[in-house]
Structures are given as structure tokens and as C-alpha cells.
There are 2 protein chains.
Amino acid sequence: MRLFKRILIVGVGLIGGSLGLGIKKYKLAKEVWGISRKYTTLKEALKLRAIDRGFKVLSLIKDDIDLVILATPVRTIEKLSPLIKKYIPQDCIVMDVGSTKKEVVDCLDRIFTNYIGAHPLAGLEKSGVRYAQADLFKGSICILTPTSKTSRSVLNRIKEFWKNLNAEVILMSPSLHDRILSFTSHLPHLISFCLLNSIPKSYLKISGPGLKDTLRIAFSSAEIWEQIFTSNSKNLISALKVFKDNLSYLEKALIDKDKKIILKFLKKANKKRFL
Amino acid sequence: MRLFKRILIVGVGLIGGSLGLGIKKYKLAKEVWGISRKYTTLKEALKLRAIDRGFKVLSLIKDDIDLVILATPVRTIEKLSPLIKKYIPQDCIVMDVGSTKKEVVDCLDRIFTNYIGAHPLAGLEKSGVRYAQADLFKGSICILTPTSKTSRSVLNRIKEFWKNLNAEVILMSPSLHDRILSFTSHLPHLISFCLLNSIPKSYLKISGPGLKDTLRIAFSSAEIWEQIFTSNSKNLISALKVFKDNLSYLEKALIDKDKKIILKFLKKANKKRFL
């Protein structure tokens, strides 16, 4: 179902590239254009048919665009937005797909007329358009964070967009998004990075399948995750406090050799239903 | 290749059951017998053909056995061993497959004449014979922890046993095993249990695939893991200290908003080669 005429994707990495492939697979736009700093990325995206045309410079975009998707790391989204505003039609819908929302939404809501924040909870520990998949968002959750400024029609078109990519759409405020994701995404990543850095190199291969799963996300891009951590640091520090309290509780039980407390704590985890 | 005449598996759970299936698939013994406290487990193991005969009571075992595999949780291994000694031939080889080795090996090496400790680094977050697989150990590492008391012939036969199940055999001392595994298995489990207990229940489903991977091992049996943690508590507490130091280091950088330090820390993790 054609929802847009021409979509511009700024940042053609894993997420941007997958959006391009998805838009084309489900025919959500007539044309997909892409912007990247790197010529090699554009070449790869064109070859994979994730985009129809690629640009290195914003000023080259002369024709009409009705949806801009900002799919760069979060700080780059904020930095590029004032510049992007100059080159797109006033009424163009702008959506970012950054992993944190409060800072980004506060910033972009002021810049663009028709802006909405999105965060598809999909991805891999790998980055780059070469890993892009048309159905990356299939069966995953996409959080939209409309504000009082967001028009009903923008929200409905963007909802339709994600539903056509087979994602389940959930609405919440940017603040609630950042609080929840600090626990379910940012904290687990922080922990995984710390765990990997704690294990002596020569020990790593003496392990079973459990370790590989736990450490998978520690191979996520350092550049992207530094920006996520710092743009949601307040929530992340709070979530980390809860985790550290649990660690200390279990550590004390270990030192005290209190088997009952340990067993009770582990059983509490076992009982949690996941998904 | 027939290596043994009759193998007795004490504890027919995921590991014990998978050993039974593997022994039968690769014809490593003429007969496999199993012992379990629970009648339903024996029935299930017999139905799955993981064992040829099942017993609830040790004293019923009258015939010759040339290999006993102890596959119960670690503390039960230590508790049952003096009793098992009464019912098996003096020269019978005894192997445990417990997840910690120092305490168990110290204890069993004194009890049995022909004992060797083993730890196959395979498993699932699920327990019970119903999840048993003949090829659970294929491509995994099996650590053997011979002592000065272990005879060359026992070591060679047990090496052969695991190689026939397609596991890669590594030898090390019980102490080194416990130190390494405290980092690569016990600490990750402890962290995963703590992480799951830190996330508010209603937040859990607002997550992507990364969280599921990180939390998979938090659904491992509380009973088994309480015993692993407490029987390797000294090493685990040391490993936890290293991890907590890393957490505090990253937390401080977050509070200080020191992007450079954060980026450097995450890049250090990214660069580690895994497996």
C-alpha cells in the first residue's frame, strides 16, 4: 500500500537500510532516497536496492519529499536536524528512529512542523547496511512517542507505516519510553559490555552456549551505544542502582553462605514470565 | 565403539538423560542403567530410551557396572557418593559431571578408587530428561580434572568416552577449572538472575531480542544454581569484584558525562574476539 510518494532516509545503516528494503518490499512509497556521509555505504545500499538514489550532500536534494526518516546515531540526529529543515518542504513528515527519545523529541519537536519520534525494538549486534533485512521489524514492537504538538493525521500515517512493516505499534510518552528502555535495553547493554571487559581474554573460549548469548549485545557498536547511554544517563544511572542493589544483596548472601536467601532470590527470577 | 559393558547414570535429568541417549546412539556401552528419586523421571527416561533399566534404590543394583556417572546437582553428588561406593565394584570407574570441581573432586577422590571429574560445557536453561538430546555435547568442550591419583588408563578411557560424544576434551586442575568457570559461567548466571530481578515486571515485554538473549540463563534451575554458586563462592565473589569495579568505572563516567571514557570502554569490549 503506497503511503508516501518519496521517502528520504538519513543514515543508511542496519536500521535505515532495513527500512529502505521494507518500504520497497511492501511498496510503501514510490521512491526511497538515502543520505550517507560515506560513498561506500551509498554504493552498498544501492546495490542491495535498499534505496533508489543516494546522496552525500543534503543540498543536492531538489525534489519533493513527504517523509524523512532520521536513522543516524542519536546525537547526529540532533545535530543534522536544523540543516535538514532547510532542504525539505515545510509540511514534510519527519520521524527519527533513535533509541532514546526524551532529548531527541524535545529537540526535534521544536525544529520540525510535522515531527514524530519512533523506536523500533529490533536490531542486531551488527551494524551496517550489509546486514539490512526487509523483515527486520516483523513481529517486533515499535514505540511511537507523539507529543501534544503531533497531529492526528501524522500519527495515523506513521502508525500505518509501521503496521505495514508488520511491527506492533505502542504509544507512550518520551519520558516513559526512556525509563522503561533504561531497564530493558540500556542496562542490559551496559552490563554486557562490563561483563565482557571483566573476563580475562584467555578464559573466554572455555565456555558454553550461555556465555555467548549473554555477551552477544556487547558486540554492538560502541559509537552508537556511547550516544544512547549519555542521552539517557539519568534513567540509566537509576536502573543501574537497582541492579547494583540486587548484586550486593546476592553477594552478601554468598559471603554469608546463606543458601536459603540465594535459592529464594533465584526462584524469584525463575518465576518471572518473559514476553 | 563399545567402551564399557554397563554404565550407571545417577540422576537422569537433562545432562544424565543426554548422556544416556548419546551412549546408546554411539554404542559406547552394552547397557545403560539409570537411578532417580522420582518414578516419573525413570518412566520418561525409559520411554525416551535414554536408559535400558531404571532404579529408585541403589541397593537393587546387583550386577556388575564398569562406569558410574554422577549427574545430580553438585551437593547431591557429594552426599550420595559414600552410599554408592557400597554397591559398586571396587575397580569401577566413577565420573561426576558437576559444574564446579574443587570441592567435588576433593571429596570424591578420597571415596572412590578410580575417580575422575568432568564438566561438559553444554546445557540449556531447561532441565529435565524431556529436553535430553543425544548430541547435546557435540562440538562443545568437556573439561576433565584428573588429579595425581588418576590413573593413565582411567583418563584415557574417559577421554575416549567424551570424544565419541563429539566433545573437545580439555584437561585442567579442579582449581583452575573453578577459577575460569567463575568468570565464564557462574558470574554470567549470577548477573542474569540479578538483571531479571531488577526489571519491573510490566516493563519486560517492552523489549527487543537482545534482552531475551541476555536473560535466557536466568531461567536456569534455581536449585542447581544455588548449589553451583555456593560450592564455588570464593572464586565467584572474586569474579564479582572485578565486574563491580567495571560497573563503577562506567557509572562514574556516566555521572561525569565523560563520553571519551565511555567510548573507549565500549570499544575495548567490541575488540575482544569471542570463541
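Which domains does the domain assignment of chain A give? There are two entries: domain 1 (4-172) and domain 2 (176-271).

## The model

This is a predicted model: local features need pLDDT of at least 70, side-chain atom pairs count only at pLDDT 80 or more, and totals for chains, interfaces and linings use all residues. Residues are numbered from 1 along each chain as its sequence is written, while chains are lettered from A and ligands numbered from 1 in the order in which they are written.

## Two domains in chain A

The domain bounds come from an automatic or database domain assignment. The C-alpha centres of domain 1 and domain 2 of chain A lie 30 Å apart. Their contact takes 14 residues from domain 1 of chain A and 14 residues from domain 2 of chain A. Two residues are in contact if their C-beta atoms, placed from the backbone, lie within 7 Å.

On the domain 1 side, helix H3 (74-87) and helix H4 (102-111) of chain A each give two or more residues. Helices (H or I, at least four residues) and strands (E, at least two) are DSSP runs, numbered from the N terminus. This side divides into 4 nonpolar, 5 polar and 5 charged residues. Ala, Val, Leu, Ile, Met, Phe, Trp, Tyr, Cys and Pro count as nonpolar; Asp, Glu, Lys and Arg count as charged; the others, Gly among them, count as polar.

## The sheet

In chain A, 8 strands form an open sheet. Their order is S3-S2-S1-S4-S5-S6-S7-S8, and the pairing is mixed. Two strands pair if DSSP finds at least two bridges between them. Strand S3 (53-55) and strand S8 (168-171) of chain A each have a single partner strand, so one side of each is left without a neighbour in the sheet.

Strands S4 (residues 67-70) and S5 (residues 93-96) of chain A run parallel, joined by 4 bridges. Here A:Val68 stands opposite A:Val94.

## A buried isoleucine

A:Ile7 lies in strand S1 (residues 4-10) of chain A. Is A:Ile7 buried or exposed? A:Ile7 counts as buried, because it has 27 C-beta neighbours inside 10 Å. The cut-offs are 20 or more other C-beta atoms within 10 Å for buried, 12 or fewer for exposed, and in between for partly exposed, with C-beta atoms placed from the backbone. Beyond its neighbours within four places in sequence, A:Ile7 is in contact with residues including A:Ile23, A:Val32 and A:Leu67.

## Meeting chain B

Contacts link 69 residues of chain A with 69 residues of chain B. H6(A) gives the largest share of the chain A side, 14 residues. By class, that side has 41 nonpolar, 15 polar and 13 charged residues.
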